[in-house]
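Hello,

Here is the structure for your files. My notes on it follow below.

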Amino acid sequence: MLPEKDLMVFSPGRRDSTVIGTVEYCRKKGLELRKKYLNVSSFDIAGKRKELEEILGTVEKPVLDSVYRFREINGWSRLALKTSDYKLIPLLLKTPSAKTGEFVVFTHPEGKRAIPPELIDEAVKSGKGVVIVDLSGTGEASSPSTGEDYAKGKLRIITLSEMWFGRTTLGEWVKELNTVTRFLISGYHARDIILDGFRETGLSGLYLGAAGAQVNEIVLRDAPVSYLIGSRETIDFYSMAVHLQGILEWGDISLAAAL
């Protein structure tokens with residue numbers, strides 16, 4: 001590694017005022033894109049949804065291939081959904097105690113163990129069905145590699161791998177959640193589906209809803225409200241999975257919420 005002083009283009013404290021750093025450039029460019037977006041008087045909804053699917057990489061949607069069922073534990077059904085793109089999506093499922101057909105689907109980027117038990121208990125006591133999903137790179141669907149672990153590697157390896165194949169981690173999560181919701185509708189006659197997600201997984205629920213899926217309510221916890229860069233101190237709060245190339249040119253999280 002070369003020492004930092006040998007890599008400097010300008011003398012300390014004497015950088016040309018016309019040269020700005022990466023963070024400052026991204027903040028300035030983001031504000032320009034936001035201003036341009038806010039000045040648009042109307043949108044083609046179908047067109048925007050198609051553009052969002054292209055950004056996410058969800059144009060081609062896998063279908064449910066088969067369902068594996070394992071021994072029930074403490075009233076929870078244990079399942080794994082196998083999709084046509086050879087993924088296994090692990091689920092914990094508790095059917096509604098009342099015949100409402102209402103299900104809450106919980107997700108967390110650190111896996112099912114990170115979901116507060118009181119949230120799950122509250123949903124169960126209200127009579128709703130509860131589904132806890134481990135999306136790709138999270139919980140049971142994660143890897144022992146620290147590069148894929150959320151706490152240590154911030155999903156770096158899995159996100160970079162998806163990028164190499166022209167995909168996004170958020171897009172893969174959207175497709176997996178879509179498989180889960182369709183499974184609940186067809187297999188459990190779900191009429192009302194609530195997607196309740198933390199951090200980045202909350203965004204995947206929002207994008208699924210924005211794409212027009214059969215979702216009745218979306219809850220986002222600790223999720224970003226914009227892709228505009230704020231303070232440098234908080235920039236690493238989310239993992240690499242949060243990134244979507246071209247999202248600010250498309251219209252930011254607020255447009256997804258509007259859709």
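How many salt bridges does a search of the whole structure find? The search finds twelve, a salt bridge being a side-chain nitrogen of Lys or Arg within 4 Å of a carboxyl oxygen of Asp or Glu.

Before the details, note that this is a predicted model, in which local features need pLDDT of at least 70 and side-chain atom pairs count only at pLDDT 80 or more, while totals for chains, interfaces and linings use all residues. Residues are numbered from 1 along each chain as its sequence is written, and side-chain values use heavy atoms, with hydrogens and water left out.

The sheet

Seven strands form an open sheet with mixed pairing, in the order E1-E2-E3-E5-E4-E6-E7. Helices (H or I, at least four residues) and strands (E, at least two) are DSSP runs numbered from the N terminus, and two strands pair if DSSP finds at least two bridges between them. Strand E1 (64-73) and strand E7 (217-221) are the edge strands, each pairing on one side only. E7 runs parallel to strand E6 (residues 192-198), and five bridges join them. In this pair, Ile 194 stands opposite Glu 217 in E7.

Trp 76

Trp 76 is in strand E2. Its relative accessibility is 16%, so Trp 76 counts as buried (buried means under 20% relative accessible area, exposed over 50%, partly exposed in between, with a 1.4 Å probe and protein chains only). Leaving aside residues up to four places away in sequence, Trp 76 touches Leu 92, Leu 93, Lys 94, Ile 120, Val 130 and Ile 132, where contact means heavy atoms within 4.5 Å.

Salt bridges

Glu 176 and Lys 87 meet through their side chains in a salt bridge (2.6 Å, N to O). This pair links distant parts of the chain, 89 residues apart: Glu 176 is in helix H7 and Lys 87 in the loop between E2 and E3. Glu 176 is buried because its relative accessibility is 3%, and Lys 87 is also buried, at 16%.

Lys 112 forms a salt bridge with Glu 140, with the closest N and O atoms 2.7 Å apart. Lys 112 counts as buried at 18% relative accessibility, whereas Glu 140 is exposed at 59%.

Arg 167 and Glu 162 also form a salt bridge (2.7 Å, N to O). Arg 167 is partly exposed at 34%, and Glu 162 is buried at 9%.

Lys 87, Glu 162, Arg 167, Glu 172, Lys 175 and Glu 176 are linked in a network of salt bridges.

Regards
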